[in-house]
Every structure is written in C-alpha cells, then in structure tokens.
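Hi,

Here is the structure I promised to pass on. Have a look at it first, and then read my notes below.

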Amino acid sequence: MEFIVSTSNLLSQLNTIKGVINSKNTLPILDNFLFTLDGNVLKIEASDLETRLETKLELENVKGAGVIAIEAKKLTDMLGLFSDEPLTFKVDLTNYKIDIFSASGKYTIAGANGKDFPKTQPLGESDDAASISSFTIAPEILRKAITSTAFASADDDARPMLTGILFELTPEHLRFVATDSHKLARYTRTDIKSETQASFIFPQKPANLLKNILAKETADVKVEFDSKQVVITMAQSILNCRLIDGKYPNYAAVIPLENPNKLIINKADFYTKLRRVAFFSNPSNNLTRLEMSGTRLMISAQNIDYASSAKEELNCQYEGDDMQIGFKSKFLLNILDNINSEDVTIEMSDPGRAGLIMPVEKDDENEDVLMLLMPMMI
C-alpha cells in the first residue's frame with residue numbers, strides 16, 4: 001500500500017493519540033501505532049489494552065489498502081526532524097518494510113504485522129454487558145465537566161472506584177462526580193437528561209487524554225456505553241475504554257444539607273493569602289485555620305517544630321455564628337484552582353463537618369458546581 005501525507009498533519013494526529021501508549025507494555029505490539037488504509041482514509045490507532053484511541057486523515061494520493069503496525073516512538077521522533085513537507089509512505093505488506101520518501105531522501109524502517117494488534121469488542125457484545133445507553137454533549141461542556149472533577153479523584157489502586165469519574169445519567173440531569181474521600185467535586189448539567197437512569201465510572205487516564213482532545217473539537221460528542229466499556233465519538237477521533245468495575249460509593253450521604261454558616265469571599269484574594277499562609281503550615285498535615293467573625297476572615301497556620309507561623313486577615317461577607325474550622329490547605333487551594341468565579345461561597349454547619357465550596361457566579365444557568373472538603377481537627 002502507498003500514500004502521501006503532510007508531515008505536520010500526520011505528526012499532529014500522532015501526538016493526539018500517543019498518550020495512550022504506556023512506557024512499558026506487556027505486549028510488544030502495543031509499542032506501535034496501527035495504520036489502516038481503506039479508500040482515501042488513513043485510520044491511526046493506539047492502545048494499552050484498557051484504552052484505545054483512533055484518529056483519521058483523509059488523503060488524496062493513495063494506492064492499495066491494508067494494515068501495518070509502526071513503532072510509535074521511532075516514527076514520531078523521525079517526523080519531528082522534518083519541516084512541513086509531503087512524505088510518501090510505501091509499505092510492503094509481505095515483509096512489513098516501510099520506505100518513506102521525502103523530496104530529497106529515502107528512509108526505511110521495519111514495521112510489524114498489523115493483524116497482531118489487539119481488537120476491541122463492540123458495545124453490547126460481551127456476555128454480561130447491559131443494554132447500551134447514550135447521550136450527546138457539546139465538547140466544551142464535557143471538557144469543563146472533566147476539568148471540574150478529575151482533580152478530586154483518588155490516586156490509590158486499593159480503591160479503584162475512587163480513581164475515576166462517575167458519569168451519572170438520570171431523567172433530571174447528567175452529573176459528574178469525583179472524590180478521594182477527603183475532597184469531592186460534583187458538576188451537574190440540567191439540560192442533558194435521559195428517560196432511564198444509567199451510570200459508569202470513567203478511568204483517570206482516558207479522562208485526561210479526552211480533555212486535551214476536546215479542546216480542539218467543535219462538533220457535538222456522542223457518548224455510548226454498556227456495563228463494560230464506553231465509546232466516545234468525536235469529529236476526528238474515537239476513544240474506546242474499559243470502565244472501572246464496581247459500585248461507586250454513596251457520595252450524596254457525605255454532603256451536609258443544613259449549613260447555616262455562610263462565607264462569601266473574593267476568590268483571587270482568598271487564594272493568594274491562603275497560599276502565602278499555607279507556606280508556614282506543618283508539612284506533615286498542611287493544616288490551615290479559618291476563623292470567621294462578622295465581616296472578618298482570619299487565615300492562620302503554624303509549624304511548632306520550626307517556631308514559625310503566619311496570619312492574614314481578609315474582608316468578607318459572613319452570616320452565622322462565629323466559628324473556627326481547619327482545612328488541609330493543599331486541598332483547599334486545589335479546589336479554588338478549579339472554580340471559575342470571581343467570588344466563592346463556603347457553607348458550613350460546624351467545625352466537625354464538611355464545608356461546601358461553590359462559585360457565586362455561574363457560566364451557564366444549566367450548570368451546578370459543588371465542591372466539598374472534609375475538615376481537619378484543630
């Protein structure tokens with residue numbers, strides 16, 4: 001088979017999918033991209049057995065058809081040495097030799113049999129897969145949902161359910177949730193619904209890959225899933241991944257419903273002073289105290305071992321009883337980083353229960369953003 005492709009176009013597509021490939025693979029074939037030429041469409045795939053990502057290019061100059069596996073690192077490194085120019089790929093499907101011609105040179109690399117590349121099972125075909133559910137969503141909304149929640153997921157293989165993002169589709173909303181049991185992030189869309197209720201846990205690695213791809217997408221994205229896998233179809237790419245097996249914890253049970261103490265504060269000012277004070281906290285626990293009274297918020301931290309401490313005072317709007325509560329400043333800063341609002345609200349019931357952190361201003365009337373942070377003992 002033979003095709004001509006622009007260096008920059010090919011490299012752009014390879015960079016989109018190469019993040020799927022692990023640095024160490026159990027199967028050598030997974031170190032490769034899979035190239036499939038069919039008609040004038042060149043499909044390129046990468047896989048780690050759990051996640052498969054494919055992209056495609058429409059070409060004008062092609063001959064023949066077939067599949068070939070090409071070592072990913074070698075190909076991307078080589079293409080990075082070229083300026084933007086057309087390259088001709090001539091593939092011998094009998095010995096898997098690949099000749100690449102530029103305007104002034106010829107380069108030969110060894111490929112592998114593309115038929116050895118693992119195949120994916122279509123949705124709904126596994127013995128215990130449930131019926132297929134689906135929804136359509138704008139790429140910018142899906143990207144924001146992932147960005148607003150992924151940071152709160154756990155990095156602990158002992159609790160696999162908490163390492164992903166829960167996608168929850170109901171007749172009332174589409175909801176995304178992530179938690180590590182210390183912090184929780186929930187992003188809800190009331191303009192995307194389903195007649196039936198369905199959910200799945202989306203792994204962290206494909207979520208981060210998807211977030212980067214969605215930044216370049218403009219057309220609506222289709223999400224289809226059964227009990228085992230999800231397929232996300234975009235204009236130029238398709239992501240297929242195995243879901244995290246298990247039941248997600250009852251996250252709603254940890255969200256306090258009655259929170260009479262309410263703090264409203266400028267996010268940028270709060271973030272800057274919190275970060276400054278947190279520098280003086282004890283590295284072992286990162287504890288920072290918030291003390292609310294009237295229109296005053298006092299942020300303080302200390303490290304007894306080094307006889308150091310810090311305090312900052314801010315103006316705020318506060319309704320409720322005077323109170324003092326402790327939070328892990330690293331987590332609180334992390335939450336503030338992922339809230340897009342000039343002002344934030346922190347609602348609390350008492351120093352021993354979780355605080356709810358929410359944006360005051362909404363980007364869209366159909367969205368609801370809620371962050372939760374468990375307190376620390378002062």
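Let me start with a pair of charged residues: the side chains of glutamate 71 and lysine 74 form a salt bridge, with 4.0 Å from N to O. Keep in mind that this is a predicted model. Glutamate 71 is partly exposed, at a relative accessible area of 34%, and lysine 74 is partly exposed too, at 43%.

Why do such pairs turn up? Side chains of opposite charge can pair when their charged atoms come close.

Lysine 97 and aspartate 99 make another salt bridge, and their closest N and O atoms are 3.9 Å apart. Here lysine 97 is partly exposed, with a relative accessible area of 35%. Aspartate 99 has a value of 11%, so it counts as buried, the cut-off being under 20%.

Further along, lysine 222 pairs with glutamate 224 in a salt bridge, with 3.8 Å between the closest N and O atoms. Lysine 222 is partly exposed at 38% relative accessible area, and glutamate 224 is partly exposed at 21%.

There is also a network of salt bridges that links Lys144, Arg189, Asp191, Asp363, Asp364 and Glu367. How many salt bridges are there in the whole structure? The search finds 18.

Proline 28 is exposed, with a relative accessible area of 62%. In sequence, proline 28 and phenylalanine 117 are 89 residues apart, yet in space their C-alpha atoms are 9.7 Å apart.

Cheers

Conventions
Residues numbered from 1 in each chain as written. Predicted model: local features only at pLDDT ≥ 70, side-chain atom pairs only at ≥ 80, totals over all residues. Heavy atoms only, no water. Buried < 20%, exposed > 50% of the residue type's maximum accessible area, 1.4 Å probe, protein only.
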